[in-house]
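Have the viewer open beside you as you read.

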Amino acid sequence: MILDENDRKILRLLQDDAHLTLKDISNRINLSLTPVHDRVKRLEKEGIIERYVSVLNKKKLGINLTVYCQVTLVKQTFDISESFNQAILNLPEVVECNFVSGSFDYLLKIVLPDMESYHHFHQMKLSILPEVSLINSFFIISEVKSTTVLPI
């Protein structure tokens, strides 16, 4: 799908505030309401806009610890990877999971209330997975930038 500048403007606005009405968007990009409506519907239909979400404040919810884990599997086979993928989907503490190239297999982003919670997660949920061979954990001291906005 080819995006023109009006599509990009709409996407930038919605990334910043998904609560904007079609009328608000129309006024901000100087395009009438019907074309804005049609464009948003097309962007949704084409899967450019996957869904609308709310970004929550982790600290106010008591989620004070972010951990990145490098996970190495016991073997790099399709079946073992698929089994690990399915197990990770059932762990709500894991907010991102990426299969990567390099000296380990997966990079996980995990959010929890505190170090004690992470210790429990590590010992009782992650390290017990039969597909896991090695886990290296990195604890975030200070978050410099966190955004969901894509540069379009």
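This is a predicted model: local features need pLDDT of at least 70, side-chain atom pairs count only at pLDDT 80 or more; totals for chains, interfaces and linings use all residues.

Setting aside neighbours within four places in sequence, Leu108 is in contact with Val67, Tyr68, Cys69, Val71, Phe84, Ile88, Val94, Glu96, Cys97 and Leu126. The residue sits in strand β3, and its relative accessibility of 0% makes Leu108 buried, because anything under 20% counts as such.

## The largest nonpolar core

Which residues have the most contacts inside the largest nonpolar core? They are Cys69, Phe84, Leu108, Ile110, Tyr118 and Leu126, in a core of 21 residues. Two or more residues each come from β1 (65-73), α4 (78-89), β3 (106-112), α5 (115-126) and β4 (132-139). Strand β1 gives the largest share, with 5 residues. As a general background, nonpolar side chains in soluble globular proteins tend to be buried together.

Leaving out neighbours within four places in sequence, Cys69 is in contact with Tyr106, Leu107, Leu108, Ile110, Tyr118, Leu126, Ile135, Asn136 and Ser137.

The buried residues of α5 are Tyr118, Phe121, His122 and Leu126. They lie on the same side of the helix, because they cover an arc of only 95° around its axis. That buried set packs against β1, α4, β2 (94-99), β3 and β4.

What does the face of α5 turned away from the buried side carry? There you will find the exposed residues Glu116 and His119.

## Two serines to compare

Ser81 belongs to helix α4 and is buried, at 12% relative accessibility. Not counting residues up to four places away in sequence, Ser81 touches Leu73, Phe99 and Tyr106.

Is Ser103 buried or exposed? With a relative accessible area of 70%, Ser103 is exposed, because the cut-off for that class is over 50%. Its place is the loop between β2 and β3. Gln70 is 33 residues away from Ser103 along the chain, and their C-alpha atoms are separated by 9.2 Å.

Helix α2 covers residues 22-29 and includes Ile29. Ile29 is buried, with a relative accessible area of 8%. With neighbours within four places in sequence left aside, its contacts are Asn6, Lys9, Ile10, Leu13 and Val36. Glu5 is 24 residues from Ile29 in sequence, and the C-alpha atoms of the pair are 9.9 Å apart.

Asn30 is found in the loop between α2 and α3 (33-45). Its relative accessibility is 70%, so Asn30 counts as exposed. The backbone deserves a look here: Asn30 has a positive phi of about 55° although it is not a glycine. In general, most residues other than glycine have a negative phi.

## The annotated span

The UniProt record, an unreviewed entry, annotates residues 3-64 as "domain: HTH asnC-type". In the model, this span is 53% helix and 0% strand. The C-alpha atoms at its ends lie 39 Å apart.

## The whole chain

Stepping back, the chain has 5 helices and 4 strands. Along the sequence they follow the pattern α-α-α-β-α-β-β-α-β. Of the contacts with a separation of 6 or more, 61% are between residues 24 or more positions apart.

How does the overall shape come out in numbers? Along its principal axes, the C-alpha trace spans about 55 × 35 × 25 Å. The radius of gyration is 20 Å, whereas a compact globule of 152 residues would have one near 15 Å. Among the 152 residues, 30% count as buried. The accessible surface comes to about 10400 Å², and carbon and sulfur atoms account for 54% of that surface.

Definitions and conventions
Residues are numbered from 1 along each chain as its sequence is written. Side-chain values use heavy atoms; hydrogens and water are left out. A nonpolar core is a set of buried Ala, Val, Leu, Ile, Met, Phe, Trp, Tyr and Cys residues joined through side-chain atoms within 4.5 Å. Buried means under 20% relative accessible area, exposed over 50%, partly exposed in between (1.4 Å probe, protein chains only). Contact means heavy atoms within 4.5 Å. UniProt positions are given in the numbering used here, feature names are shortened, and annotations may be inferred rather than shown by experiment. The radius of gyration is taken over C-alpha atoms; the globule rule is 2.2 Å times the number of residues to the power 0.38. Accessible areas come from the Shrake-Rupley method with a 1.4 Å probe; for residues, only the protein chains shown count as cover. The arc is that of the directions from the helix axis to the C-beta atoms.
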